[in-house]
Amino acid sequence: MTKLFKSSAIALCAAAAIGASAPATAQYSGDVIRVGFLTDISGVYSDNDGQGGVEAIKMAVQDFGNINGKKVEFLYADHLNKVDVASAKAREWFDQQGLDMLVIGANSGAALALAKIAQEKKKPMFAVTAATARLTNEECTPYNVHYAYDTVAVARGTGGAIVDAGGKDWFFLTADYAFGSSLEKDTSDIVKAKGGRVIGSVKHPVGTAVNFSSLLQQAQSSKAKILGLATSGDDLINAIKTANEFGINKSMNLAAILIHITEIHALGLNLTQGMYLTDGWYWDQNAESRAWSKRYFEVMKKMPTAMQAADYSAVTTYLKAVKAAGTDDGDKVMATLKSTKISDMFTKNGAVRGDGRMVYDMYLRQVKAPADSKYPWDYYKTVKTIPGDQAYTTKAETKCAFWK
Amino acid sequence: MEIFGVPLQSLAAQVFLGLVNGCFYALLSLGLAIIFGLLNVINLSHGALYMLGAFATWAGLNYFGLSYWWMLFLAPFIVGCFGVLIERMMLRRLYKLDHLYGMLLMIGLSHFLEGLFRLFYGVSGKSYSAPIELTGATDIGFMMLPNYRAWVVAVSIVVCFATWFAIEKTRLGATLRASTENPELVDAFGVNVPMLVTLTYGFGAALAAFAGVLAAPMVQVSPLMGANLIVAVFAVVVIGGLSSILGAIITGLALGVLEGLVSAFYPQVSATIVFIVMAIILLMRPSGLFGKESA
């Protein structure tokens, strides 16, 4: 009885501290809070998220400790970029293991499918590396939080900056699945809105490697000035490499709309210098991010991507909400999440909107020239801050049925 | 002039670029066909050996300062020796069992090798530049052709046909082929058949590594580079006829060109066309285009 009283008291104090209301007695299903993480751990996106994301979430769980005396458990699995594998694993975790919250790392196709499952189970889902903006637009659900970025934000940030700098005629090389189509569409929208033209696009099957030459040839014969690379991971790396080999980067400017620091690292600054990119976090942005990255580096021996930092922040944010709500009940936690400000090493002004979009300031960055890079992983200079309310889909534009 | 809305000039460029891809198909499927022909092993670790060749090239430059030209010979030699070890220490023990066991061993080995490299280098891999002598591009009328790709086409075709010649037209090749047909009889003539088998596997592995060296400056040197390619290469071998050397070479080149053409008209299918052709060939000529009908 004393124990129950104590834990309720702690819950109440925690709730009072952040200004949320919590029930008098804390309730946790199965007496444990289970967080699950599905991502690509072995395939093309595994450097952006993968094992690094797993380690980041382990750090989050460890740093947070127990919630009102209840343990936090962490499960993770490789979804192999297969939607059916991801769906089956999520159902198994929800139905048999009593999972309370699911984080989906990479792969937009998987994220769209999992959002439906989380909604059916009435449990929160955080999408991190999966970029498609459909998650909080046409296919929004009340249980989904889209955390780090989305195709709209990177399209507006990077695409907008390039059109503003005079790059008006675009041709797209697009990954042939949910993510690529979203990225191409969202970038095309901003290009057209700013008075630019989209001359054409070509879709590539994922994992084509040596075949990019054929596709890039078509891009070059389009006479467009900007080659929009609506693809990511390994494919993006090989597309940039092939474009350099064929001298396409001399007649066209390459725009990697969504590129992670691991990809810059793999290609080297010679091939990537001057490229614009949009992200919400960079390991070297302030003292707090550097301190966290140092801890991460000790485990992974490389610097974290914004996605891996977002994995850490997403899980921490969820655990804070569980603590504040005094329960792991999906509806109550979502209500708490949507009424609490987020302030940690990832962002200082984050907030989860009604449609599930975590809105915070984004940054337009440019890749440094080799001569300007002073120490290992010193890759970006920040060009400007894009305020959160300008970066993402607005209430006037949304197609999310319950947030109009 | 246009064909179905695609200018002839860009069509010619696609055919040529397809030929470059075809060279990789040819080199890799040739190694597979040789290994299958003599050892009856479906070498599913071929993609991993190709990856090893590319990584050896990168490592040669970055750890030992050895240029591309050195590694063009050294990488196939090193990986060939590794192949000899695989045959001696692992494959040899499985010859008495069903073929499936050999295949499973090779799948396991390739996962192991790819996992090992992923652990050390990450999936984004390493960047390798073409040698200075082969950088730049030449205007060949309908396109700017990077000199490196021209080199890849030339050297692959020479290596492919030299291999075909060695196996089909020389005394050593005749002994090899005889060992496939009737190992006991050839053994009775005093030929060391087990040694021949070991060297053949080593040679197949070296061919895969050679393709890896050629690929290193063109694509990112990454642990999964072989896994992405090898499935298509298997389809090429099936289309060409399982153990046919000439079939592997010609089908490899032809399918590369076909892929290039398809990506001019409908790029989404470019990765699938190989399998569509495979399905059609299997229905119409189950032993492949150049394969012998087995009794």
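Hi everyone, let me begin with chain B: for its 295 residues, a compact globule would have a radius of gyration near 19 Å, and chain B comes out at 19 Å, so the two agree. Please keep in mind that we are looking at a predicted model.

Staying with the overall picture of chain B, its C-alpha atoms fill a box of roughly 65 × 50 × 35 Å along the principal axes. The secondary structure comes to eleven helices and four strands. Buried residues account for 52% of the 295 in this chain. If you take the contacts in chain B between residues at least 6 apart in sequence, 77% of them join residues at least 24 apart.

Now over to chain A. Here we have 15 helices and 15 strands. Chain A has a radius of gyration of 21 Å, close to the 22 Å from the globule rule for 404 residues, so this chain is as compact as a globular protein of that length. Its C-alpha atoms occupy a box of roughly 75 × 45 × 35 Å, again along the principal axes. Of those 404 residues, 59% count as buried. As for contacts in chain A with a separation of 6 or more, 72% come from residues 24 or more positions apart.

How do the two chains meet? On the chain B side, 36 residues are in contact with 32 residues of chain A. Which elements of chain B give two or more residues to that side? They are helix H1 (8-39), strand S4 (144-146), H9 and H10. H1(B) gives the most, with eight residues. By class, the chain B side divides into 18 nonpolar, 15 polar and three charged residues.

The axes of H9(B), residues 225-240, and H10(B), residues 245-265, come within 8 Å and cross at roughly 120°. That angle makes H9(B) and H10(B) oblique to each other, and the crossing is right-handed. From H9(B), the contact uses Val236(B), Val237(B), Ile239(B) and Gly240(B), while H10(B) brings Gly247(B), Ala248(B), Ile250(B), Thr251(B), Gly252(B) and Leu255(B). That makes six nonpolar, four polar and no charged residues.

Helix H3(A), residues 83-96, and helix H4(A), residues 108-121, pack at an angle of about 25°, with their axes 9 Å apart. Why do we call this pair roughly parallel? Because angles under 35 degrees count as roughly parallel, and H3(A) and H4(A) therefore qualify. This crossing is right-handed too. On the H3(A) side you will find Val83(A), Ala86(A), Ser87(A), Ala90(A), Arg91(A) and Phe94(A), which meet Gly109(A), Ala110(A), Ala113(A), Leu114(A), Ile117(A) and Lys121(A) in H4(A). The classes here are eight nonpolar, two polar and two charged.

Let me finish with one residue, Leu267(A), which sits in helix H10 of chain A, residues 261-267. Is Leu267(A) buried or exposed? Buried, because 25 other C-beta atoms lie within 10 Å, and the cut-off for buried is 20 or more. Leaving aside residues up to four places away in sequence, Leu267(A) touches Ile237(A), Ile240(A), Thr272(A) and, from the other chain, Ser127(B). Ile237(A) is 30 residues away along the chain, yet its C-alpha atom and that of Leu267(A) are separated by 6.8 Å.

Terms used
Residues are numbered from 1 along each chain as its sequence is written. Chains are lettered from A and ligands numbered from 1 in the order in which they are written. This is a predicted model: local features need pLDDT of at least 70, side-chain atom pairs count only at pLDDT 80 or more; totals for chains, interfaces and linings use all residues. Axes are lines fitted to C-alpha atoms, for helices over the stretch in contact, and angles run from 0 to 180 degrees between N-to-C directions. Angles under 35 degrees count as roughly parallel, over 145 as roughly antiparallel, 65 to 115 as roughly perpendicular and the rest as oblique. A crossing is left-handed if the near helix is turned anticlockwise from the far one by less than a right angle, and right-handed if clockwise. Two residues are in contact if their C-beta atoms, placed from the backbone, lie within 7 Å. Ala, Val, Leu, Ile, Met, Phe, Trp, Tyr, Cys and Pro count as nonpolar, Asp, Glu, Lys and Arg as charged, and the others, Gly among them, as polar. The radius of gyration is taken over C-alpha atoms; the globule rule is 2.2 Å times the number of residues to the power 0.38. A residue is buried if 20 or more other C-beta atoms lie within 10 Å of its own, exposed if 12 or fewer, and partly exposed in between; C-beta atoms are placed from the backbone.
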